[in-house]
Amino acid sequence: MDCRAVQRHAVQRHASDSGRSTDAMIDHGLLVQMLIGALLGISVYLPLMAGQLSLATPAFYAVGGTLAALLSTRWAALGASADGRFPLPSFLLEVLLGGVLAGLLALLVGRLVLRLQGIYLAIATIALVEIVRVAILNLPLAGGAIGIFAIPQPFANAAGYLLPALALLALAAWSCQRLESMPLGRAMAAIRADELAARCMGIDTTATKLSAFVLSAVLAGSTGALAAHFLNTWNARQGSFDVSITTLAFVILGGSRSWLGPVMGGLLLTALPELLRPVGDVRLVLFGLVILLGPVLFPQGLITPALLERIGGFGRQEAQG
Amino acid sequence: MDVLLQTLLNGAAAGGVYALVALGYTLVFSVLGVINFAQGALFSLGGYLTYLLMGGHISVSGGLPGWGLPIALPFAAALLLAAAGAALLSLLVERLAFAPLRRRNAEPLLSLITSLGAGLVLVNLLQLLMGAEGYAFPAGSLAGLPAVVSLGGARIRSVQVLLLLICAAVVLLLTLWLEGSRGGRALRAVAEDPTTARLLGIDSDAMVRLAFLLSGALAGLGGGLVGVSVSLPGPYFGIGYGLKGLTVLVLGGLGSVPGAIAGGLLMGLAEAMVPSGASGWRDALAFAILFVVLLLRPTGLLGRRLVEKV
């Protein structure tokens, strides 16, 4: 599976880092990966706040990642620096551009697909993911199945990525929290509770759903740009159907009533295959079992509304009937 | 002309397999209103079971290198047994991934995740047992059948004809059964309205199990047929067919049997028409067609229009 390749790669990367690392117990690469998982979880959660099951996150993640990989390897002006390291401003610019490009694509596609409802929307977005994957695979610039290699590094080791990933996650979580008390967030909650009633109350449901979709895409695109540098290599398989389901699992297992749910789900489920590494090849079977049994044992996810109530409404979405 | 005939037949054969997978989804969707993502894994299972039942051995990278069943069945028997095996496993998937959620009236969304989890477990168990690389069926698997037949000047692989015929027969039988038999009508009654069906004395839980049993058998058949006509490229190969089947399902309209058949044929033929120069794009074609169709007709080609009720 694709996540295996990512993890294997990340492990190789910091196998070479460990010499420089001060604390060998802390696996910085894994931490960054977990943060990327949490970011993608929030990206799936955002349309869900408006009741829309979109699985398009990997498509936007792939678009952002491919853009960053292409810009940093093909555009010499971005990489010019005295110390031979990829300049930080260029890296940040790519993270921004990845989000913008993904957002524009979402604006274009969202108008069309958001007319669909429920499972039809989910399947249309899977179709989008597959179309984007094959398009990137056939893009002559993007290196086909092998992909783009040697993406330049703005940091000396994996630990350097912790700060930008954390900052992006904090920004995303803060925005979700802010949304709850903003007209847009309330409109999203109203649509989730009852789309028809929301429309009757005068909420522009199309614009609201589109906003949620675009926000989700921007976050996924920026995350992709960050991930492309972190992983050092990028190919079309980074955004595939598997990722659609894995990221949905982040939200379902974490809990879909607050942004805290997808963050917890993303952190835990990204770490899990890595923590299971000692059991060897059986770990993917065990990972499947967790996905199979998780929703049966925790139908509301780990972060349940009751739990949120107890910790003081922190990160809680508007109570729903 | 020969090339056209060949292309059409290839497309129809592929389309027949897509239709089998889509019909499997349709059966489950019509009674439960959910999609069983384990379908692709059952497809893989069907292929590998057929291989083993025909006397195939596990390769060196598998969990039991060199091991094989002590029997070597002819293709027809192996295919039927493999379909039965996939059907039984499909029942197990229902028991583990769907029944507990249904008992608790959980969100239908959850079963997307649980069924995919079941599929992941199955595919990775297959990978542990059989290894990651592909298997080809031994030459002469279809004893007594010439490899190539000549039809109106076109040379056609006979296995493609066989595949098309089997798919057509299965689809026909299933349709007749659904339309005419008592069990088929009971199944359709549950699909129409589970509560009323229960009041009429139909055991709707048994019908749900029947739907899973049949859909598993369809997936198993599809896997065995693709295995013998092409090869088994690795345990994940069913997932790709599962996804294509999903697009066919939506293309034809969720829950529509004629839609699944028409959608499958359309998809297979469209893929076969892709010129070899653009074969890299072939995998996107199915999804591109789906995308366009959904935008023009949001409930699929032959689906019912949904009326929103207040």
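Me: A helix is a DSSP run of H or I over at least four residues, a strand is a run of E over at least two, and both are numbered from the N terminus. In which helix of chain B is Glu94(B) found?

Reply: Glu94(B) is found in helix H3 of chain B. This is a predicted model, where local features need pLDDT of at least 70, side-chain atom pairs count only at pLDDT 80 or more, and totals for chains, interfaces and linings use all residues. Residues are numbered from 1 along each chain as its sequence is written, chains are lettered from A and ligands numbered from 1 in the order in which they are written, and side-chain values use heavy atoms, with hydrogens and water left out.

Me: Why is Glu94(B) called buried?

Reply: Buried means under 20% relative accessible area, exposed means over 50%, and partly exposed lies in between (1.4 Å probe, protein chains only). Glu94(B) has 3%, so Glu94(B) is buried. Leaving aside neighbours within four places in sequence, Glu94(B) is in contact (heavy atoms within 4.5 Å) with residues including Arg102(B), Val208(B) and Phe212(B).

Me: Why is Ala135(A) called partly exposed?

Reply: Ala135(A) has 26% relative accessibility, which is between the 20% and 50% cut-offs, so Ala135(A) counts as partly exposed. The residue sits in helix H6 (residues 118-138) of chain A. Its C-alpha atom is separated by 22 Å from that of Ala150(A), 15 residues along the chain.

Me: How many helices and strands does chain A have?

Reply: Chain A has 14 helices and 0 strands. Of its 321 residues, 58% are buried.

Me: How many salt bridges does the rule find between chain B and chain A?

Reply: A salt bridge needs a side-chain nitrogen of Lys or Arg within 4 Å of a carboxyl oxygen of Asp or Glu. Across this interface the rule finds 0.

Me: What makes up the side of chain B that touches chain A?

Reply: That side divides into 33 nonpolar, 6 polar and 4 charged residues. Ala, Val, Leu, Ile, Met, Phe, Trp, Tyr, Cys and Pro count as nonpolar, Asp, Glu, Lys and Arg as charged, and the others, Gly among them, as polar.

Me: How much area do chain B and chain A bury between them?

Reply: The two chains bury about 3900 Å², 82% of it on carbon and sulfur atoms. Buried area is the accessible area (1.4 Å probe) that two parts lose on being put together, summed over both. In contact are 43 residues of chain B and 40 residues of chain A.
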